[in-house]
Amino acid sequence: QVQLVESGGGLVQAGDSLRLSCAASARTFSGSAMGWFRQSPGKEREFVAAISWSGGITYYADSVKGRFTISRDNAQNTVDLQMNGLKTEDTAAYYCAARAAGRWSISIRNYEYAYWGQGTQVTVSS
């Protein structure tokens, strides 16, 4: 069964840090690039970060570059998003996504991801 489960969201103040985690089923995770996206009310879902299957290639949206770090543990089937220096504009529901099996290269396009988690809410107060 394909499954992605996010955790780690919450309410924090501006400048704080949060670490999001996504647990994937082995079938979902194997050979797949992974990504994080976010969506605020009234806005389209936007790319945040992506990581290749090997973990050797990462890519970030300009809005989070230097503050967020994506990583993965292929032995544990997890992908994390460390978020530092949070800003109020980072408030959104954050979604973990996986490309189809064998799609090991990163993508910033949400339609190139085959599987999605249910999302975890991050709220940053001023």
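**Figure 1. Salt bridges in the predicted model.** A search of the whole structure finds 7 salt bridges, a salt bridge being a side-chain nitrogen of Lys or Arg within 4 Å of a carboxyl oxygen of Asp or Glu. Side chains of opposite charge can pair when their charged atoms come close. The structure is a predicted model, in which local features need pLDDT of at least 70 and side-chain atom pairs count only at pLDDT 80 or more, while totals for chains, interfaces and linings use all residues. Residues are numbered from 1 along each chain as its sequence is written, and side-chain values use heavy atoms, with hydrogens and water left out.

**Figure 2. The salt bridge between Asp80 and Arg19.** The N to O distance in this pair is 3.2 Å. Asp80 belongs to strand β8 (residues 78–83) and Arg19 to strand β3 (residues 18–24), so the bridge ties together parts that are 61 residues apart in sequence. Strands (E, at least two residues) and helices (H or I, at least four) are DSSP runs, numbered from the N terminus. Asp80 counts as buried, at 15% relative accessibility, whereas Arg19 counts as partly exposed, at 43%. Buried means under 20% relative accessible area, exposed means over 50%, and partly exposed lies in between (1.4 Å probe, protein chains only).

**Figure 3. A salt-bridge network of Arg38, Glu46, Arg67 and Asp90.** Within this network, the side chains of Arg38 and Glu46 meet at 2.6 Å, N to O. Arg38 is buried, with a relative accessibility of 5%; Glu46 is partly exposed, at 36%.

**Figure 4. The salt bridge between Asp62 and Lys65.** The closest N and O atoms of the two residues are 3.1 Å apart. Asp62 is exposed, its relative accessible area being 65%. Lys65 is partly exposed, at 47%.

**Figure 5. An aromatic cluster of Phe37, Phe47, Tyr59, Tyr113 and Trp116.** Rings of Phe, Tyr and Trp (its six-membered ring) pair if their centres lie within 6.5 Å; planes under 30 degrees apart count as stacked, over 60 as edge-to-face and the rest as tilted. The count by this rule is 5 aromatic pairs. In one of them, Phe37 and Tyr113 have ring centres 5.2 Å apart and planes at 75°, so the pair is edge-to-face. This pair links distant parts of the chain, 76 residues apart: Phe37 is in strand β4 (residues 34–39), and Tyr113 is in the loop between β9 (92–98) and β10 (115–116). Both Phe37 and Tyr113 are buried.

**Figure 6. Arg45 over the rings of Tyr95 and Trp116.** A charge sits over a ring if NZ of Lys or CZ of Arg is within 6 Å of the ring centre and within 35 degrees of the ring normal. The charged end of Arg45 is 3.8 Å from the centre of the Tyr95 ring and 4.8 Å from that of the Trp116 ring.

Figure 7. Along the sequence the pattern is β-β-β-α-β-β-β-β-β-β-β-β. The radius of gyration, taken over C-alpha atoms, is 13 Å, close to the 14 Å that the globule rule gives for 126 residues, so the protein is as compact as a globular protein of that length. The globule rule is 2.2 Å times the number of residues to the power 0.38. Buried residues make up 44% of the 126 residues.
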